Amino acid sequence: MRFTDSSFEKMMKQKPRPQAPSIPKAPRGSRCSGCPYWRGIGCVSCYRELLKAPAGGR
């Protein structure tokens with residue numbers, strides 16, 4: 001049932017969907033630049049180095 005002739009009425013009836021906050025990228029030239037695990041702070045150990053290391057290096 002529509003109460004007005006507005007084209008926005010259908011949109012206004014929809015439930016709002018929460019959006020994930022965008023996380024800024026690491027500064028260029030920093031150690032964490034380009035790291036897929038960047039979450040706003042530097043990590044203790046660099047995961048990029050761990051991913052590049054050969055598996056089973058005992």
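**A salt bridge and its surroundings in a predicted model**

Good morning. By salt bridge I mean a side-chain nitrogen of Lys or Arg within 4 Å of a carboxyl oxygen of Asp or Glu. Side chains of opposite charge can pair when their charged atoms come close. The structure holds one such salt bridge.

A word on the source. This is a predicted model, in which local features need pLDDT of at least 70 and side-chain atom pairs count only at pLDDT 80 or more, while totals for chains, interfaces and linings use all residues. Residues are numbered from 1 along each chain as its sequence is written, and side-chain values use heavy atoms, with hydrogens and water left out.

Why are lysine 13 and glutamate 9 separated by about one helical turn? They are so placed because they stand four residues apart in helix H1. Glutamate 9 counts as buried, since its relative accessibility is 9%. Here buried means under 20% relative accessible area, exposed means over 50%, and partly exposed lies in between, with a 1.4 Å probe and protein chains only.

Methionine 1 lies in the segment before H1. Leaving aside neighbours within four places in sequence, methionine 1 is in contact with Glu9 and Lys13, where contact means heavy atoms within 4.5 Å. Methionine 1 counts as exposed because its relative accessibility is 78%.

Let me now turn to the chain as a whole. Its secondary structure comes to two helices and zero strands; these are DSSP runs numbered from the N terminus, helices being H or I of at least four residues and strands E of at least two. Of the 58 residues in the chain, 10% are buried. The chain exposes about 6,100 Å², and carbon and sulfur atoms supply 58% of that area, computed by the Shrake-Rupley method with a 1.4 Å probe; for residues, only the protein chains shown count as cover.

Finally, the loop. Isoleucine 23 lies between H1 and helix H2, which spans 47-52. Which residues does isoleucine 23 contact, leaving aside its neighbours within four places in sequence? They are Trp38, Arg39 and Gly40. The C-alpha atoms of isoleucine 23 and tryptophan 38 are separated by 8.5 Å, and the two residues are 15 residues apart along the chain. With 48% relative accessibility, isoleucine 23 counts as partly exposed.
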